[in-house]
Amino acid sequence: MPRIIWRAVVPLLLLLGGIASIQYGARHHSVPVLMEQEEEVTIDVPNPFALPPGLGQDSPPPEMPPFGAPPFGPPLFGPAPFEAPPIKEVVTRVTQTTEDLLEPVLIRDVTVGGVRLLASGELKRTYSGDQGPSLCPT
Amino acid sequence: MVSVAKGKSLFHRAKLARWRFWAQLGFLLAWLDPLLVRMHSVCGPVFHCYSCPLATFACPIGVLAQFSALHVLPLIAIGTLVAVGAVVGSFVCGWACPFGFLQDLLARIPTPKFSLPAWTGVFRYVVLIALVLAIPYWYGEEHELFFCCVCPAGTLEGAIPNTVQLVLSRQANVHPDPTQQEPAASDPAGQDATQQDAAGQAVPWPSRTRIVILVAVLAAALVAWRPWCTLLCPLGAIYAVCNRFSMVFMRFHSDRCRDCKVCRSLCRGGDRPNRRVDGLRCVRCMECQQCQAVSIGTVFSPGEKGPGGPGPELVTLDRPRFPSGSGGCG
């Protein structure tokens, strides 16, 4: 009789333990992962054709009049002819954040080779966005 | 009268074992993602590579290896294996595993078959500890002996289909004008022309090691029964441990044994059911159930009545029933 009880109790305990492990892993077990997020921002880049500071600007050096200006008095026809506006350029800015990933998300990520262990011991996601880096991690 | 009853029981048992093929086929369809849901956040209980384009779940062994490389405890994978193993043990191997099914199909080819000694099942624990846990933990997933890098199921189900898919997709994207295509030999990287697709881009072919291992396993399946499962499978090693305490288990009825050695000859895994009915390499294919001394039982039916008569004294063997040379049917 004790053997029958033992034979029934052990698998039941293991089954409950397995289910509890799945539940805990799915809902509470999270791991901090470094993530790099890319966003596109528009920045002003100085125009390479603009004159260097001091030339063609509002406050020219006293001993030298602005280029194109008449030798006496302010310019007669608006601003200096080489005053170019800055160029607007779209660049990708990478920001690094740390997020706690739940284990199911981590499982999905490792199936596509999306998480690596850094030498510092931290985990880093190797991609950004929804699409994984590859179908086969190896 | 007794012989008639036994004949009838043999018929029923053979019929039960015959369901195994259809069960394997049904499970195969389930693992091949028929609904295209691709639930890779969930660990499946079988050896089916998650890199397969048609994989429903994540492979538990792959997850164990990857998490070992990340130094994270895989609670979901462990929980899945323990829960499934506690209920059915290695029934999963014999009835649900797609890679086992493939080996079963190869075994149907009529070739001379050899059986390996039962102790060779220990190699599976070496694979589990070394390739799945230790090497990933210490050397990471870049190591050439990382389990997924040598896994034959991964090569067959993941690497080869993905490579073919990649080559086909790139060929479809190639400009139709042949003059626009660069010849492969002109690639500045100087890579092997066989590793270039039509667009001149490098294709990540499976490594030679992977291909050799896959071919060796498939060739061995022609001359031995389930060589991967019985020799090297780490998932089978885990379920073999679970066989000792699973809710569903195999029984050997010593009172029905007539020393005919039928059970031993029926076991294609090379185990000796009359000595240890849930042996180290048993995948619970239930072929040995054609012998009247072997039956299936659960922890909820300890006093099962088999066709050979009432069996209140039926026992499950955890140790050798007949010592070597004692005159038993082993």
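**Close-up 1. Residues of α2(B) meet residues of α6(B) in this predicted model.** Ile61(B), Leu64(B), Ala65(B), Ser68(B) and Ala69(B) lie on the α2(B) side. Val132(B), Leu133(B), Pro136(B) and Tyr137(B) face them from α6(B). Contact means heavy atoms within 4.5 Å. By class, eight of these residues are nonpolar, one is polar and none is charged. Ala, Val, Leu, Ile, Met, Phe, Trp, Tyr, Cys and Pro count as nonpolar, Asp, Glu, Lys and Arg as charged, and the others, Gly among them, as polar.

**Close-up 2. The axes of α2(B) and α6(B) cross at roughly 25°.** Helix α2 spans residues 60–70 of chain B, and helix α6 spans residues 123–139. Helices are DSSP runs (H or I, at least four residues), numbered from the N terminus. The axes, lines fitted to C-alpha atoms over the stretch in contact, come within 7 Å. Angles run from 0 to 180 degrees between N-to-C directions. The angle makes α2(B) roughly parallel to α6(B) (under 35 degrees).

**Close-up 3. Chain B contacts chain A.** Here 43 residues of chain B touch 33 residues of chain A. Together the chains bury about 3100 Å², 69% of it on carbon and sulfur atoms. Buried area is the accessible area (1.4 Å probe) that two parts lose on being put together, summed over both.

**Close-up 4. Glu141(B) and Arg116(A) form a salt bridge.** Their side chains meet at 3.4 Å, N to O. The rule (a side-chain nitrogen of Lys or Arg within 4 Å of a carboxyl oxygen of Asp or Glu) finds two salt bridges across the interface.

**Notes.** Residues are numbered from 1 along each chain as its sequence is written, and chains are lettered from A and ligands numbered from 1 in the order in which they are written. Local features need pLDDT of at least 70, side-chain atom pairs count only at pLDDT 80 or more, totals for chains, interfaces and linings use all residues, and side-chain values use heavy atoms, with hydrogens and water left out.

Technical notes: Helices (H or I, at least four residues) and strands (E, at least two) are DSSP runs, numbered from the N terminus. Angles under 35 degrees count as roughly parallel, over 145 as roughly antiparallel, 65 to 115 as roughly perpendicular and the rest as oblique.
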